Amino acid sequence: MLLRVRSGGAMAVLLAATVLSLPAQAPVHSAPMIERYGKPYVMVTINGKGPYRFVIDTGTGADAFVTPELADELQLPAAAETVLNDPSKQGGQRVPMVLLPSVEIAGVKFYWVEAIRHEVTGEAGSCQGLLGFTLFRDYLLKLDFPNRQVLLTEGALSPDGEKTVLPFRMQDGVPITSLRVNGQSVEAQLDSGGGGLTLPEALAAQQKWDVAPVVFATGQTMTTHFKIKAAKLASDVTIGKYTFTHPVVEIHPAFPLVNFGSPPMQSFAITFDQNSLLLKLDADHDHFTLTAPPSPTRLIHQPNPVPQPPRLVPVG
């Protein structure tokens, strides 16, 4: 391509050549995030049909779930069975899988996606399916909670000394990073489908409290029943350079790791880079409060929850 310049001689030609040599910026694909009770929902199409309401759940190590009703409506072809486990690792259930010839979100199409055929609980209204973390393995996935956007693009994150960019590992397809509870470094799942900031019982037993733990709900997975407690820490939780001051936390006896769920994630725009195993947290400030989650944790076959204790219910 020829450029005609009127002044500057060789320098202008050099600058023009430099501009032309810059790599093209990767396109950014975005879709509105339909936030309900802190969970990120998006509208997707399957085989060009829809749109359907799906939740993006980074705490699910599968590409997708679809409800039996939607699988039957779309006559999705069957695939092999798989074993569906809960986080307690105390058992599993064989469940059927189906093939999705195409799934489109934010203008990006994914082809021949294997999906688990299973009920999906939605906190508000109907939910026809779930998009798991591993579906986005070839993209930067950004969940921008403050601006209610889901963004997909190509590229890579770069480390910054673990201020806002943190390493993570993958366990069963779920991202696990490190945070600090009262100065103690512990591993935590980043779970956009999770109901709060959850501590396992062993870690909770080492803490001091502004408000002592009390039972506020009951939970039931496919294999276990348990009581869910809530309490207000007398210490801080930090992740990267960010601090949650004396947050309200949940305590689950069934789960072995800290769970960094959707309520604390709402403070950030979070970008996941599965190829580099890095995540980036962006926020307007460094310190946050965290009150009781907007709704009790909902698990498979969970009974109706009991009301939350008044001291743990946000006021105003």
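Start by selecting Leu100 and then Val113 in strand 8: the two residues stand opposite each other. You are looking at a predicted model, where local features need pLDDT of at least 70, side-chain atom pairs count only at pLDDT 80 or more, and totals for chains, interfaces and linings use all residues. Residues are numbered from 1 along each chain as its sequence is written, and side-chain values use heavy atoms, with hydrogens and water left out.

Now widen the selection to strand 8 (residues 108–117) and strand 7, which run antiparallel and are joined by eight bridges. Strands here are DSSP runs of E with at least two residues, numbered from the N terminus, and two of them pair if DSSP finds at least two bridges between them. In the hairpin of these strands, two residues lie between strand 7 and strand 8. Click on Ala106 there: its phi is positive, near 55°.

Next, show strand 6 (residues 78–85), which runs antiparallel to strand 7 and is joined to it by six bridges. Pick Leu84 and you will find Gln93 of strand 7 opposite.

Select Ile46 to see its bridge partner in strand 7, Val103.

For the last stop, jump to Gln189 in strand 15 (residues 184–190).

Technical notes:
Helix = DSSP H or I, 4+ residues; strand = E, 2+ residues; numbered from the N terminus.
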